[in-house]
Amino acid sequence: MYHLSRWALLGLSLAVVASPPPAAAQGTASLTGRVVDSVASQPISGARVTIAGRANGTLTDREGRYLLQGLAAGPATVRVQRIGFGPAEATVTLADGGTVTQNFTLTPAATVLSEVVVTGYGTSTRDELSGAVASVSGQDLQNTPLAGIDAAIQGRAAGVQVIQNAGNPGAGITVRIRGSASISASNQPLYVVDGVPLIRDEFSQLGLGGQDITAVTGLNPDEIENIDILKDAASAAIYGSRASNGVVMITTKRGRAQPAQVSFNLYYGSQTVPTGNRWQLLSGPEYITYMNEAALNDDPSRIAEGDDPYGPNYFGDPNDPNLPSTDWQSVMFRTAPVSNLNASVQGGSDRVQYFVSGSQFKQEGVVFGSGYDRQAARVNVDVNASARLRLKTSLSLSRESHQRVENDDTIDGVVTNAIAGTPTIPVRRPDGSFTSPSDGLAYSNPLAIATYDQAESRSFRAFGNVEAAYQTSNVVTLNGRFGMDVLNLRDLRWLSPLVEDTYSANVNGESVIGNTTANRYVIEGFVDVKPHMSQALALGLTGGASVEWNGSELDYLDGIGFSSDQFQYPGNAATVTVYDGSWTGHNLVSFFSRANAVWKDKYLLSGSLRADGSSRFGEHNRYGVFPAVSLGWQLSREPFMGGLARHGDLKLRASYGVTGNQDIADNFAPLSRFSKANYGADPGVGQRNFGNPDLRWEQTHEVNLGFDMLLLGERLTLLGDWYRKETQDLLLDRPISATSGQTTVLENIGNMENKGIELQLGALILKPSDAKGFRWNADFNIAWNHNKVLKLFENQPIPVGAYDAGRIEVGHPLGAFYTLNFTGVDPATGDAIYQDVNNDGIINDEDRVYVGSPHPKYWGGLTNEVTWGRFDLRGFLQFVQGQKIFNAISVFANDGGYYGDNKFSRALRRWQQPGDITDEPRASYDGRSGADLISSRYFEDGSYVRLQEITLRYNLPAYISNAVQMKNASLYVSGRNLYTWTKYSGYSPDVNSAGSSTNTELSTEFYAYPSARSFMIGLSGGF
């Protein structure tokens, strides 16, 4: 990375477009026509029309029409390509001053090499792309009972790892593109919707365990046309300082020049937590037997130490016929409905096109007290104001409501207490009131919490943009864009005094309210130059500038002491205990340029340069430059590859680029700051941190090598990539002497590496002989990634994660698990045996070793689509292999009886007498068996294969659709999260209880909300 003045950066960005080369001599012939599909004769938009051996080319419009002008006279071969269709060619004879009409009909085919992808400040066909870009169709996102698009792309794009974290509706999702690139800054990708970066952070002020929410859920999946994921640095570097974690380009649906067409899609379904997916726990009698044995096993040691023995039946009589046996999970889980209604209208004329949609998504949680609903509306309008001026506007409005319960990464939550709850205590007393710890429960009654406590996070959002494109000539187009993202989030939490034996009961209720307003405003201007070079060379140049303002403001109020459970706002509190209010913000100014060249339709060259200035960094390093370059070679179009060219296509790709990460939590880290430090009632200030004006960008250098291959008459597509990226200058807190008044200072002191392989395979396995014949498409993707820390401050390891079970150390993956190594159970005593690494006869922290990685070795997905007659069947498998999960619930539920929580049913195979051979240590109420030590015994294989979706659709005959005045009507049934093959013992191996914002506490299960199995029935069609 290099550093320049802002004026030098502006000159550098605009120099590439300042002096376009002189135009070559042009002909006067024209070629026009229309491209339709062979099944329904519908127009195909976005098809690439080119003249073989010449640089001229264009894309078809919404009506499938194209026009090429300025062509040389003579014979010409016209080639047409489009994603999902086989290519077509025709030979025409062009004459000076004349216009030739040539129409094309394309047959559906399993090909991705000709698709149009959004690359940032422009588009490109995959045929001309030399970087690594994955694409997901909007059709793949429909009919999924999920709040956000981030969850819906799981398993559908090679190299993109999506972790659900937990199953609560609207939960924050973790997305990693080619691994984790930072330790302290964000690892989430940048989301760009119709050219405008999306706010995707969490702004909730409620501490509800690990159950975070993110702003990504505000986008309705039904509005999405396509998603393009820029994975390598050469593709993403056009976004510079925000591209280290990849860029997700989202294109929404737009109108067409056609009569108004109304479309709708609705479904209704139910969700459950299957009994086989639940934690297997002890019954009431089993629990009493186990705990009695735990106490009795310790009596000899207690007597020897002079303590009173526990004696038999210390916890009760397991044979008591009146002993309750409460299954708290069954108490807390329910069959919950999920529904979605989406309607849209699109149409327009050649001058104005529009797309208007509205939707209602509602999902009750399978756990009492939880749920999510969203109402969303969108208006997209395109206006051809003149032959040279085109205007576009997009506006999205949404309202979200998260009904939340405390859970995940907490010791007193709803699901937490359902797992830990004492099974010998009933849910209610004889008078109908809820039981509590006063009745013998280990923790608060979870049903009482879900019934009386409330926590709602409600948001309103406006997201939109206005664009203008003015074509000054056939060579130069001026572009301008204004975008905004304005979000208001209100949190309201009520902790009822009716939940007995809790803090809120002691203080007569507690209420918390928080309001957050976040906004982002973007202004961009850029110029596109497409000079006429020669028949062999096509050149495209882009250069421009961008300014972005970001701000957020919050207030917070916490009060206790209420006269009634009916008054639940802090304004009714007797005492205000906590109050807060603050503002923060950051700005970004950018200059960018890009050049794309295609020579002889075979050799591809692309280069980009972006310069960013961020207010988040010190004055000495505020500006940085991020370059990238990529090369492509259409090898199959070489004369010596004629044999391959007759059967397919082969392109080789190579790229190198530098991207940055400015997404740090502290917007004012370079500055020395002071904050409130009152002494009693007297106001005061104290130093908050030491400033560091030398802070600079985290930067990622990435090399990518890849290929695109098309075989068997375009029925088989294979895309492959190898990459290595190294993130340098990681921002970490360096320890300093506490005598300075601070203990750490933020500095650039670390490096980290990710390298891996990605493969994507598409195939038309069976091709029908007619439109109603049997057709079978398949798409498979798989990715391997290896993460390794390369450098830390003085290379000192850093303990991280729950119970410090993770570790950041040079030479190992980020957050690798580092604990004692459990080797078995002593058959003579029943005590746990651990590896004595230093052979000193003592088991302590010095004997810890690496016991597994939270990162999978590989992951991916397999989609199969079968059509026959009026039936469509789609199945989707998603898999993750090679990761370990820290089952931190074991600290309480597999501890040998040290805590009073209910225990995993594996305790039934515990050691009970000398000679027993087992992997479960003896029960010990005093913790004398060593079963309560955190070790490899608490880690499980997190590999899984999941049948994520099956959807069967029946397309109604025309006479039925016409009878109800509908078009293209279809009925469908769908199931999601149908079955998971795994050795993991919990609700789901797709888990991380620390939530979506964590970088270092990974693959950890601590009372996660369960994932639901869903079944739905739906109807779609139009008018």
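Four strands make up an open sheet, arranged in the order β37-β38-β39-β42 with antiparallel pairing; strands here are DSSP runs of E with at least two residues, numbered from the N terminus, and two of them pair if DSSP finds at least two bridges between them. β37 (798-800) and β42 (849-852) lie at the edges with a single partner strand each, so one side of each has no neighbour in the sheet. On average, neighbouring strands of this sheet are turned by 50° against each other, direction ignored, with axes taken as lines fitted to C-alpha atoms and angles running from 0 to 180 degrees between N-to-C directions. Three bridges hold the antiparallel pairing of β37 with strand β38 (residues 806-808), and within it proline 799 has arginine 807 of β38 as its bridge partner.

The model is predicted, so local features need pLDDT of at least 70 and side-chain atom pairs count only at pLDDT 80 or more, whereas totals for chains, interfaces and linings use all residues. Residues are numbered from 1 along each chain as its sequence is written, and side-chain values use heavy atoms, leaving out hydrogens and water.

Turning to another part of the chain, strand β27 (residues 575-599) runs antiparallel to β28, joined by twelve bridges. Leucine 588 has serine 614 in β28 as its bridge partner. Three residues lie between the strands of this hairpin, where lysine 600 takes a positive phi near 55°. β28 also pairs with strand β29 (residues 623-634), in the antiparallel sense and over eleven bridges; here serine 608 stands opposite alanine 628 in β29. Nine of the twelve residues of β28 (residues 603-614) are buried, so this strand is largely enclosed by the rest of the structure; buried means under 20% relative accessible area, with a 1.4 Å probe and protein chains only.

How values were computed. Buried < 20%, exposed > 50% of the residue type's maximum accessible area, 1.4 Å probe, protein only.
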